[in-house]
Amino acid sequence: MVAIAGVALPVVAFATISGAAPATRQRDTSHTMLKATSKTFSFGLAKVAPKAGGGEPSIAIDPKGVLYVSYPSSPGMSFYRSTDDGATWAEGSIAQDASGDTSVNTDAAGKVYQSNLNGGSQPQDTLQVDIFKSLNRGQTWPVHGKSALSSSNSSGQPFFVDRQWTDAWIPPGKTTAQSEVCLSYHDWAPGTVWASCSFDGGKTYDVPVNVINDPVALSDSACDTIPGGTRIVQSGPHAGRIYVAWLAADPANPATGCNETQGTAFHSVWIAVSDDKGQTWTDRLAFDAGPTHDGSEIFADLALDNRGNPYIAFTMNLTNDQDPNGEYDTWVVSSTNGGVSWNGTTGGAAEPYRVSCCKGTHYFPAIAVGDPGHVVVAWLHTWTVTPALPTGKPDFTAQQNAIWRVVAAQTTNLSTGHPTWKIREFQRPMHQGSICTLGIACPPGITDRSLLDFIDVQVDPSGFAHVVFTASESPRGGLPNGIWIWNQRTGPGVGVGAHS
């Protein structure tokens, strides 16, 4: 099935701003305002697919520029591909008909990997991960990975699990049949983060390994974790290195305690690093805002540049010189030494880089990187300010009339330590009302979770960004319900990224 063709639609543009915005939050007049007709950073819109009861699409782009989108829906693992830079979309086959979460990746040979949180095709597989591999761009899915602990699913975890992420890498001299495919997720019991890898092209997966073992990381993660991605370095001196990121919540806020509702504040961002194929892990703090600050709006998204350096984008209600009002803004931290230091500070960034420029609320951050310091970040924005409750969590009642739009930002100088950003907001809204970020604990009828939990962005071989998102409950004049993609059409790219 082919979706509607992409059409260029008007946008609202913000001024290019400095990562160190003045405390008065005035517009940075030292940079040229981007106009809707500007050729420096423009996008075109296309519809990928019907919403079909689903949302939270993920995107991958293979080395030849073929785009793939996967999302959970009522039919199952909905899957679509585009061979014309995202303008039109064709439906692939459904690998599994019971779907909770999905993710999609490719390897350097262009083969496609799609993961699924099983809704229960068999009792023993309920809330376990299944990973499928396609050799023909999603027309069929002949490879179904099996765990060393289970012959019917890929995770083999004794606990129920949630929100899996994957990545794939072909070692030098190997083929896709020997690709390394790694999986991470968190569980529903101790709430820790696990990882396991396949070394035979996704056919069999090792026994899961707990990536959290540092005493400080264990303490910070004692309440709950939100996994933020798995990435494998594709080339260079650290090729094969594996990164896993997560948000951590500790018991420091007694108002919420420790539970599975995501009601506590997730105020620290962590990363685990493995150089021995996922057998052992070193935990490193990327950023800690301290108690009553919350980053679970909703994921801290992990990306690597084409030299293997990690970057993490997240939302947080910080109060500092960059954000004196403590709004839920979008931030980025990066490391050039495997996570030892972030934004130049050992043991976690002292100050993250603020990407969002303007008043309001900024949710669902997603990041993609090409050359070192060349970064694209996407998120959802409303001009409605969402205050924080005493727990640090958002007050969703303030969002009842909020109108949300998708935003993309680009910088080519993050490595200088003083990044400037080109920021563009799509004019037509894609949602009205609250966006609940409490996952399955969102109160039905009181809060809105129709978008589910995230959007995604990746960079194609020309360095252009593609932002995929869900539209739901839009106001008059907004986008109809569906899965949409915003494709960069003009302007500088960020360099060729590692494949996604």
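## Charged pairs

Let's start with aspartate 453, which counts as buried because its relative accessibility is 7%, below the 20% cut-off. Its salt-bridge partner is arginine 449, with the closest N and O atoms 2.7 Å apart. That arginine 449 sits at 28% relative accessibility, so it counts as partly exposed. Elsewhere, salt bridges that share partners join Glu56, Asp101 and Arg163 into one network. All of this comes from a predicted model, so read it as such.

How many salt bridges does the structure hold? The count is 5.

## A loop-to-loop link

Another salt bridge joins the side chains of aspartate 294 and lysine 393, at 3.1 Å from N to O. Aspartate 294 is in the loop between strand S20 (282-288) and strand S21 (301-304), while lysine 393 is in the loop between strand S28 (375-382) and strand S29 (403-411), so the pair ties together parts of the chain 99 residues apart in sequence. Are these two residues buried or exposed? Aspartate 294 counts as buried, with 0% relative accessibility, and lysine 393 is buried with a relative accessible area of 4%.

## Aspartate 224, the one without a partner

Lysine 393 turns up again when you look at aspartate 224. This aspartate is buried yet has no salt bridge, and the nearest side chain of opposite charge, lysine 393, is 8.6 Å away. A salt bridge here needs a nitrogen within 4 Å of a carboxyl oxygen. Side chains of opposite charge can pair when their charged atoms come close.

So what does aspartate 224 touch? Setting aside neighbours within four places in sequence, aspartate 224 is in contact with His186, Gly191, Leu247, Ala248, Ala249, Asn259, Glu260, Gln262 and Phe266. As for where it sits, aspartate 224 is in strand S17 (residues 224-232).

## The overall build

Zooming out, the protein has 1 helix and 34 strands. Of its 500 residues, 63% are buried. Look at the contacts with a separation of 6 or more, and 62% of them are between residues 24 or more positions apart.

The largest nonpolar core has 62 residues, and the members touching the most other members are Ile312, Phe314, Leu380, Ile455, Phe469 and Trp486. Take phenylalanine 469: not counting residues up to four places away in sequence, its contacts are Leu45, Pro57, Val406, Met430, Ile455, Leu479, Gly482, Ile483, Trp484, Ile485 and Trp486.

S2 pairs antiparallel with strand S34 (residues 482-490) over 7 bridges, and alanine 49 stands opposite isoleucine 483 in S34.

A further open sheet of 4 strands, also antiparallel, goes S12-S13-S14-S16. Its edge strands, each pairing on one side only, are strand S12 (161-169) and strand S16 (209-210). Inside, strand S13 (residues 180-187) and strand S14 (residues 193-198) pair in the antiparallel sense over 6 bridges. Serine 184 has alanine 195, in S14, as its bridge partner.

## The S21-S22 hairpin

S21 and S22 make a hairpin with 5 residues between them, and glycine 308 in the turn has a positive phi of about 90 degrees. The antiparallel pairing of S21 with strand S22 (residues 310-317) runs over 4 bridges. Leucine 302 stands opposite isoleucine 312 in S22, and Ile312 is among those core members that touch the most others.

In a regular strand the side chains alternate between the two faces of the sheet. What covers S21? Both of its faces are covered, with Asp301 and Ala303 buried on one side and Leu302 and Leu304 buried on the other.

Terms used
Residues are numbered from 1 along each chain as its sequence is written. This is a predicted model: local features need pLDDT of at least 70, side-chain atom pairs count only at pLDDT 80 or more; totals for chains, interfaces and linings use all residues. Side-chain values use heavy atoms; hydrogens and water are left out. A nonpolar core is a set of buried Ala, Val, Leu, Ile, Met, Phe, Trp, Tyr and Cys residues joined through side-chain atoms within 4.5 Å. Buried means under 20% relative accessible area, exposed over 50%, partly exposed in between (1.4 Å probe, protein chains only). Contact means heavy atoms within 4.5 Å. Helices (H or I, at least four residues) and strands (E, at least two) are DSSP runs, numbered from the N terminus. Lys and Arg count as positive and Asp and Glu as negative; His and the chain ends are not counted. Two strands pair if DSSP finds at least two bridges between them.
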